[in-house]
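Here is a short report to read alongside a protein model. Keep the structure in view and look up each part as it comes.

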Amino acid sequence: MYLQHISLKNFRNYLRLELDLPQGVTVVQGRNAQGKTNLLEAIAYLATGKSLRALTERELVHWLAFEQEPIPYAEVAGDVLRDGIVTRLRIVLTQQGGRGSGSGLRKVVMINGVRQRAIDLLGILPIVLFLPEDISLVSGPPSARRKYLNLLLCQIDREYCSHLDAYTKVVTRRNAQLRSFQGKRPDPTLLAFWNDALVEHGTYIIHRRQEIIARLDELVREQHRILTAGHGRLRVEYRPSLTLIPPSTQVPKAQLALALAKEPVAYTPPPILPPHKIRKRFQETLNTLQREEIEAGATLVGPHRDEMAFLLDGRDVRTFGSRGQQRTVALAVKLAEVQLIEEALGTSPLLLLDDVMSELDEERRARVLHVVRQVPQAILTTTDWDVFDADFLAHAYCLQVNEGILTEKTPDTP
Ligand code: ATP
Ligand code: MG
């Protein structure tokens, strides 16, 4: 799979862009605020139907379009080649009611000219995107890690995406229902209805998260070992809000950390619980929490409260890791994701690395570039050509961006 062509109209600071992309590595250089991240954002938008940094889709439309186009719009389109077949993806955002109307944007997703839902885009152009702020995957709040897990799983499993969507709606409506029971006798039929819905969708999510984190744990360890030349043993641990394994059989955390620091081989990951067991535990837990949940007017247990932890030699990188360690862990996770997606979809994702080199020391840069060279297609951005060695650039397609205009560049024409 690779992205052959990308076309932008009024997207962020790109008024018009038609760009053919080769396989292998493309490097986009530009000073600050020229459009490097915007280009990667556009590709990610096409791949997932969502912007990973804009709060509203309005931000994606070029400011000038709102002033100059009779009907302000933005468009991203791309051609994806897989097994000799081209799939054309296209997303158009249009100002409803034309220029000056205060109404919202209409979003149309097309696959090969046929209108589809945004969810149908997932998996056609799988991507792994690493933005500088993605360090929050390690250092940020639990919601950052849930968002990460969701995006990863949605790209490889559409059913997950449907369950997630349904689950999120159920939580909101169930919370409203719980609040309506405050000070009254709860209606057992209604409660059972919402509990069943929560458990049905939640079980699928928990089950898939267990599986994916178990595999991520293995792959991340290896990527981290490559990036750091074996400095520290990294583990990824799923911390579901629903207690999957009764406390009596759990290894106490402190003891586990100690065991890991001294004897890494002694660690055995927890077993993956089959769906029927998750379902049962979920139901039981909801039953015991009933009164508390009504009092709180909120769903207190389930995937919306899940957490995952990155442990370096048994210690949580979020609290104990240096900035550099956190960045390396986040990068290792993204590189592991490349393999994970490849395993799941049978095709390697497009790797998008936004300005990752500048914050790494020379040794780590070399290791990252080694990995980058092995993926079928990667786009890297940089402010400075010097972070790459001449040999790497000689094998890459080099572009320069200036105020939303891309030009080809050979490394020796500064
Ligand atoms: P840096 O090196 O600082 O990360 P960058 O090249 O990644 O810079 P981008 O984030 O891609 O920069 O943004 C480039 C420019 O796009 C910014 O100056 C920003 O103001 C502009 N921009 C963002 N949204 C829009 C929009 N909707 N319309 C026009 N310009 C926009
Ligand atoms: Mg940027």
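## A question to start

Which residue in E10 is the bridge partner of glutamate 237? Find the strand and look across. The partner is alanine 309. Keep in mind that this is a predicted model.

## The sheet E9-E10-E11

Now widen the view. An open sheet is built from 3 strands, in the order E9-E10-E11, with antiparallel pairing. The edges belong to strand E9 (234-239) and strand E11 (315-316). Each has a single partner strand, so one side of each is left without a neighbour in the sheet.

Strand E10 covers residues 307-312 and is joined to E9 by 6 bridges. One of the pairs is leucine 234 with leucine 312 in E10. E10 is mostly covered, with 5 of its 6 residues buried.

E10 also pairs with E11, over 2 bridges in the antiparallel sense. Here leucine 311 has aspartate 316 in E11 as its bridge partner. These two strands, E10 and E11, form a hairpin with 2 residues between them. In the turn sits aspartate 313, with a positive phi of about 50°.

Move to strand E4, residues 73-82. How many of its 10 residues are buried? The count is 8, and E4 is mostly covered.

E4 pairs with strand E1 (residues 2-11) in the antiparallel sense, over 7 bridges. Histidine 5 has aspartate 79 in E4 as its bridge partner. E4 also pairs with strand E5 (residues 85-95), again in the antiparallel sense, over 10 bridges. Alanine 77 stands opposite arginine 90 in E5.

E4 and E5 make a hairpin with 2 residues between the strands. Aspartate 83 in this hairpin takes a positive phi near 50°. As background, side chains in a regular strand alternate between the two faces of the sheet.

## Around ligand 1

Next comes the ligand. Ligand 1 is surrounded by 16 residues. The closest are Ala33, Lys36, Thr37, Glu59 and Val61. By type, the shell divides into 3 nonpolar, 8 polar and 5 charged residues. Which helix gives the most to this shell? Helix H1 (residues 36-48) does, with 3 residues.

A polar side-chain atom of lysine 36 lies 2.7 Å from an oxygen atom of ligand 1. Glycine 35 uses its backbone: a polar atom there is 3.0 Å from an oxygen atom of the ligand. Valine 61 has a backbone N or O atom 2.8 Å from a nitrogen atom of ligand 1. On its own, ligand 1 has 650 Å² of accessible area, and the protein covers 76% of that.

## Aromatic pairs

Last, the rings. A pair of aromatic rings is described by the distance of the centres and the angle of the planes. This structure holds 3 aromatic pairs. One of them joins phenylalanine 193 and tryptophan 194. Their ring centres are 5.0 Å apart and their planes stand at 80°, so the pair is edge-to-face. Tryptophan 194 has 10% relative accessibility, so this residue counts as buried.

Is the pair of phenylalanine 388 and phenylalanine 392 stacked or edge-to-face? Their centres lie 5.3 Å apart and their planes are at 10°, so the pair is stacked. Phenylalanine 388 and phenylalanine 392 are both buried.

How values were computed
Residues are numbered from 1 along each chain as its sequence is written. Chains are lettered from A and ligands numbered from 1 in the order in which they are written. This is a predicted model: local features need pLDDT of at least 70, side-chain atom pairs count only at pLDDT 80 or more; totals for chains, interfaces and linings use all residues. Side-chain values use heavy atoms; hydrogens and water are left out. A residue is near a molecule or strand if one of its heavy atoms lies within 4 Å of it. A polar contact is a pair of N or O atoms within 3.5 Å; within protein, one must be able to donate a hydrogen and the other to accept it, and residues adjacent in sequence count only if both atoms are side-chain atoms. Accessible areas come from the Shrake-Rupley method with a 1.4 Å probe; for residues, only the protein chains shown count as cover. Helices (H or I, at least four residues) and strands (E, at least two) are DSSP runs, numbered from the N terminus. Ala, Val, Leu, Ile, Met, Phe, Trp, Tyr, Cys and Pro count as nonpolar, Asp, Glu, Lys and Arg as charged, and the others, Gly among them, as polar. Rings of Phe, Tyr and Trp (its six-membered ring) pair if their centres lie within 6.5 Å; planes under 30 degrees apart count as stacked, over 60 as edge-to-face and the rest as tilted. Buried means under 20% relative accessible area, exposed over 50%, partly exposed in between (1.4 Å probe, protein chains only). Two strands pair if DSSP finds at least two bridges between them.
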